[in-house]
Amino acid sequence: MKTIERVESLIFECETGNYHTFCPISCVAWLYQKIEDSFFLVIGTKTCGYFLQNALGVMIFAEPRYAMAELQENDISAQSNDYEELRKLSIDIKKDRNPSVIIWIGTCTTEIIKMDLEGIAPKIEIEFGIPIVVARANGLDYAFTQGEDTVLAAMTQRCPEKESLNSNSDFDSNFQSEQPSLVLFGSVPSTVSSQLNLELKQQSIRVSGWLPAQKYTELPYLKKGFYVCGVNPFLSRTATALMRRRKCKLIGAPFPIGPDGTRAWIEKICLTFKKKPQGLKEKENKVWNDLKNHLHLLQGKSIFFMGDNLLEISLARFLIRCGLIVYEIGIPYIDKRYQTAELSLLRHTCKKMCVPIPRIVEKPDNYNQIQRIRELKPDLVITGMAHANPLKARGINTKWSVEFIFIQIHGFLNVKNLLDLVTRCLRLTPSLEVLG
């Protein structure tokens, strides 16, 4: 079944295919590193455990700050006491690691057997005095990166309502105290958050905090009327939670991916705070000039997004600006309200580059996509790991979409990292053809 929707010259198709994406519990890989005083407990089956150990490449003796609560047959058949089992595990985690917060990650199995994690967690939290955050990251309802979205949405309720005494110690005290508070949300490495903080500081805008913070004990202070702005397009539930539960005001901006997106992101925040942007056009032009050696390789090349990480709209917009032809943007899920500004920038970029707006296919049917790939013969296909090798075996150049999550791609300074992921494949193909 296919549905088609037209919104301001953008055509959205929905093929109602399954989520052919990386498992959302993989969010543990970057979140446990970001939130340094946390411990993640994934509650699932042996399959979940194999996935975490193999896909994330972490050996058991490395002692990372996450673990598996493996469900047995008696758990699935409701013959064991879920409360007692999770209580024992929580005792062990507190004794061995003493984290500031334990984050329970629900999986497909806990969803199917209707395990009441939200009901059990408060009882254990009260008994042991350690916060327990419950997030559902099952692959039945969520795509790859939405695992982070469910965790951050759950954490919005844990953000303090009163400002701590040292909460602004990292920021310049010369900023005017009457400036409205701004909290940014999205998990990025500390170097990237520092870069984005500095970009806004140069526009006389102070960032009050980040969700998530480097430590759970440093979660940002939230109050009614505070401004919030996201850095990733897959955080629509977090945005909704911040607006509905904490009564914050969302700044609907494009996302800081690529020099064009970063400039538009900063400009929208400046507009909200009634600041005149300073030097952004020059900074963007400098980045484009520095990328000339990469851009000539992309001219006239074509790309096809099968859909996996929910960054597809932002990546397509940036690559169109680089001179690529985008045949199709497959995406597992799109919240059109949260991505309104990004979609508008995509439309503007296509007009500026004098290229047609690519088709946007939500929940694409992979069988239909492969037929379209055979017909269109794109130079590169951005796809999930499940399809990369089969397509490669058929002579189609591919790139894993998960790689765009595990490198730094935000802001002006990381554009080369982003472009290298694409150009590396296109450089390698002629070399392989010479070798036969």
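This is a predicted model: local features need pLDDT of at least 70, side-chain atom pairs count only at pLDDT 80 or more; totals for chains, interfaces and linings use all residues.
**Overall numbers**
- Take the contacts between residues at least 6 apart in sequence: 75% of them join residues at least 24 apart.
- The chain's accessible surface comes to about 20300 Å², and carbon and sulfur atoms account for 51% of that.

**Backbone spots to check**
- Lysine 377 has a positive phi, near 50°, and is a residue other than glycine. With 63% relative accessibility, lysine 377 counts as exposed.
- Asparagine 98 also isn't a glycine, yet its phi is positive at about 50°. You'll find asparagine 98 in the loop between helix 4 (82–96) and strand 5 (101–106), and it is exposed, at 55% relative accessible area.
- There's a cis peptide bond from leucine 211 to proline 212, with omega near 5°. Proline 212 belongs to the loop between strand 8 (209–211) and strand 9 (227–230).

- Four strands make up an open sheet with parallel pairing, in the order 4-3-5-6. Its edges are strand 4 (66–70) and strand 6 (132–136), each of which pairs on one side only. From one strand to the next, the twist averages 25°.
- Strand 5 and strand 6 run parallel and are joined by five bridges. Across from isoleucine 103 you'll see valine 133 of strand 6.
- Helix 6 (residues 117–128) packs on this sheet and touches strand 3 (38–44), strand 5 and strand 6. The direction of helix 6 makes about 170° with that of strand 6.
- Helix 7 (residues 146–155) lies across strand 5 and strand 6, at about 140° to strand 6.

- Which residues of helix 11 (residues 280–290) are buried? They are Leu280, Glu284, Val287 and Trp288. These residues cover an arc of only 100° around the axis, so they end up on the same side of helix 11.
- Some background on that pattern: an α-helix has 3.6 residues a turn, so residues three or four places apart point the same way.
- Glu282, Lys286 and Asp290 are exposed on the other side of helix 11.

**Salt bridges**
- A search of the whole structure turns up 17 salt bridges.
- Arginine 136 pairs with glutamate 111, their closest N and O atoms being 2.9 Å apart. Arginine 136 is in strand 6 and glutamate 111 in helix 5 (residues 108–112), so this pair ties together parts that are 25 residues apart in sequence.
- Glutamate 267 and arginine 263 form a salt bridge with closest N and O atoms 2.9 Å apart. Both lie in helix 10 (residues 258–272), four residues apart, or about one turn of the helix. Glutamate 267 is partly exposed at 28% relative accessible area, and arginine 263 is partly exposed at 23%.
- Lysine 399 and glutamate 403 meet through their side chains in a salt bridge, at 3.2 Å from N to O. Lysine 399 is buried, with a relative accessible area of 8%, while glutamate 403 is partly exposed at 24%.
- There's also a network of salt bridges that links Glu13, Glu15, Glu328, Arg359 and Arg372.

Methods
Residues are numbered from 1 along each chain as its sequence is written. Side-chain values use heavy atoms; hydrogens and water are left out. Contact means heavy atoms within 4.5 Å. Accessible areas come from the Shrake-Rupley method with a 1.4 Å probe; for residues, only the protein chains shown count as cover. Helices (H or I, at least four residues) and strands (E, at least two) are DSSP runs, numbered from the N terminus. Buried means under 20% relative accessible area, exposed over 50%, partly exposed in between (1.4 Å probe, protein chains only). Two strands pair if DSSP finds at least two bridges between them. Axes are lines fitted to C-alpha atoms, for helices over the stretch in contact, and angles run from 0 to 180 degrees between N-to-C directions. The arc is that of the directions from the helix axis to the C-beta atoms. A salt bridge is a side-chain nitrogen of Lys or Arg within 4 Å of a carboxyl oxygen of Asp or Glu.
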